[in-house]
Structures are given as structure tokens and as C-alpha cells.
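Colleague: I'm new to reading protein models. Could you walk me through a few features?

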Amino acid sequence: MIKSRRNPSSTLPLTGLALALAAATLLGGCVVQERVAVAPPRVYAPPPPPPPPAYAEPAVDVEVHATEAPPPLPDYEQPPCPEDGYLWTPGYWAWGGGGYYWVPGTWVQPPRVGVLWTPGYWGFVGGVYAFHAGYWGPHVGFYGGVNYGFGYVGVGFVGGRWAGNSFAYNRTVNNVSVTNVHNTYNETVINNVTVNKVSYNGGAGGIAAAPTPQERTAMQEPHVAPTPLQRQHIQEAARNPALAAKTNGGHPAIAATPKPAAFNAPGVVGARGAAPMGPQLARTNGPAAAAAAPGAPRVNNGNAPRVNNGNGGLAPGAQPSVTHVPPNAAAHAQGAVPPPAAKPQAGKPPAPKAQQHPPKEEKHQEGGNR
């Protein structure tokens, strides 16, 4: 009985050793497993840059401020459209050099197909007059309610529309010739805006007009700034002293041109009431010297150009030139002047009858001039 009994304490060291070995094995496996699970460090990749805009940046809304109201719009005729694809941009008063100067209206090639011109306008805000620059866009936006004429009646544009890749001109309000322009139509324009020559919005004496819902939508559309030729046109106007309001009294002799910056080209139109002057002389010597210079070239100073309206007549409301002299008038005046009196010779009495004779010869000259 005594030999069969075992001491339980003798097995304890073996059990502890086995547990220690098992724990060590488990711990060793955990260490190996942890080393395998360690991932490489992350590398941050920045997001790709945004795509470039599909259109040019819009023109600056407010370009300049003035403390006085711009002059009234001058009255002038529209030059004929030079060729297909040109769109009309009306003239306006700009500010620079301490005063207003006139930027002539002109025909311009748009920057791309499908866009229309929204004219710039002056608006009275915060005690000053701010000029809102014009821009190109798919629709015509707000331009102060100013009636610039030639399709810009104060709201929208009725001078033409795009038909695919071609522009169709409304001959009712545009001076176009079927010889140069082939895509035209006639559409009556009903003008619901008061017809006046006010050139600014708001303030004392200004036009009280607010943007329509359609104009507000158009103002939010992608816009394209004026073309390089349009900017050159403005710069040429700013350098021409004859276009300053202080010089021309609000009646510029270069009110509209057939193409941008073509101030000396044939077809330049002057405002009604403007003094006749030569463009080159106006640039250097001013209007007084140009008017007094003998033989100076003259621009169209208000004589209405002929519009191709089927009957070859003048544009509606146009007046013939008051300075026009019929060809026979000059010859008749020359024939009516009596010949100079002959000097009497010394010692001989004068012969008055020979000086006044013959009346029949004068009648013969008058008949030949008729």
C-alpha cells in the first residue's frame, strides 16, 4: 500500500515546464504573425487638377466710374453691313482722360458661331455712374434699358438671329444689301420702350428699367469678352481728340464705322449736326482746322446712306444733305456774273454801251447751262 502511493508534488515541476513551453510557443507564434501583418507606409496622392473651363473668362462687369452722367446718344445712320457674318455693335459714351468720348458703332465678326452681343451700359449706383462692360453670349442680357437702335430697342435684340451656322439679318432695322448679305428676312419690330436718347440707367433723368427674368438667366450664362479688334476699336477712339464730348458737343463726326478701328475708311458715318471734318486732320489739329482746311477730305456728316429696301430710296426718316448744290447752280452763277469792266484809255471818253452789251449773249449762256 505504501509503495503504490505517489507524491503529487513530484509532478508539479513537469507540468509547469510544459505550460511554460506551450506559452513560449504561443508567444513566438504571435510575434511571427504580428510581423507578417505589418503593412508598408501609405503614400498620399493629391487629386487630379480640375479640367480647364470650356469658355473664356467673362468680361469685367464694372470697368470704370464717373461722377457725371454721360451725354445723350447722338443721332446717326447705320453703315451698310460689309459682308455676311458681321454683327452690329452700337456706339456708346466711354470715360477717360477726365471726360467722355464716343466709341463709334461698328460691324464686328463675333468670336464664334452662335453668340450675340450684349451692349455695355452706364448705371447710377451709390452716387456714381458705373459702366457695365458688354460681352458675347448665347443670349442677350440686360443693357440698362437703353435704346441704342438698330435692333437694340432696350430689351433683347430684334436685329437678327442665328440659323445654324449662318446669321440671318432683319432688314427692317439693319442696313444690309442683298449684294453682300444673302441671308435676310423682314420682320416688323414693335417698340414698347420710350424712344429717347438717354444713355444711362437710374439716377436723375435716367432710364427706370430692371432686368427681366430672361435677362437675368442670360446674365448667368457663359460669357466671352470683347474681341481683340473690339478692344483696338476702343483704344483708337480714346486717342482721337475729335471724339471727345468736350470737342464735338455730343455730335461726333465719326459716329459709326463699317469695321472696327476703320475711322478713315470709306463708309464712315457722322452724327447729325456734326461739323464736317477730315479724319486725319481731326486726329491732329481738331475740328476747327479740319473744317477750315481747303480741299480736306470729308466724311459722311449725317447724310443718310441708302438702304437696299427694294426701291433704292433713303432710309426711313433720312433727310437729304442741306449742303448739296445742284451741278447747274454753279455754272449758272458763273454765267450770271457780268464781265469785268474795261479800263478807259487815256484821252478817250469811256464807252458805257460797249460794256453793257450784249444781253443776247448772256441769254445764250444761260440756255446752254440748262
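Predicted model: local features only at pLDDT ≥ 70, side-chain atom pairs only at ≥ 80, totals over all residues.

Colleague: In what order do the three strands of the open sheet run?

Modeller: Strands (E, at least two residues) and helices (H or I, at least four) are DSSP runs, numbered from the N terminus. Two strands pair if DSSP finds at least two bridges between them. Here the order is β2-β5-β14, with mixed pairing. β2 (87–89) and β14 (256–257) are the edge strands, each pairing on one side only.

Colleague: How many bridges join β5 and β14?

Modeller: Two, in the parallel sense; β5 covers residues 105–108. Thr-106 has Thr-257 in β14 as its bridge partner.

Colleague: Now Asn-248: buried or exposed?

Modeller: Buried means under 20% relative accessible area, exposed over 50%, and partly exposed in between (1.4 Å probe, protein chains only). Asn-248 counts as buried because its relative accessible area is 14%. Asn-248 sits in helix α4 (residues 245–248).

Colleague: Which residues does Asn-248 contact, leaving aside neighbours within four places in sequence?

Modeller: Contact means heavy atoms within 4.5 Å. For Asn-248, those residues are Trp-93, Ala-242 and Leu-243. As for distances, a polar atom of the Asn-248 side chain lies 2.9 Å from the backbone oxygen of Ala-244, and one lies 2.8 Å from the backbone nitrogen of Gly-250.

How values were computed: Residues numbered from 1 in each chain as written. Heavy atoms only, no water. Polar contact = N/O pair within 3.5 Å; in protein donor to acceptor, adjacent residues only side chain to side chain.
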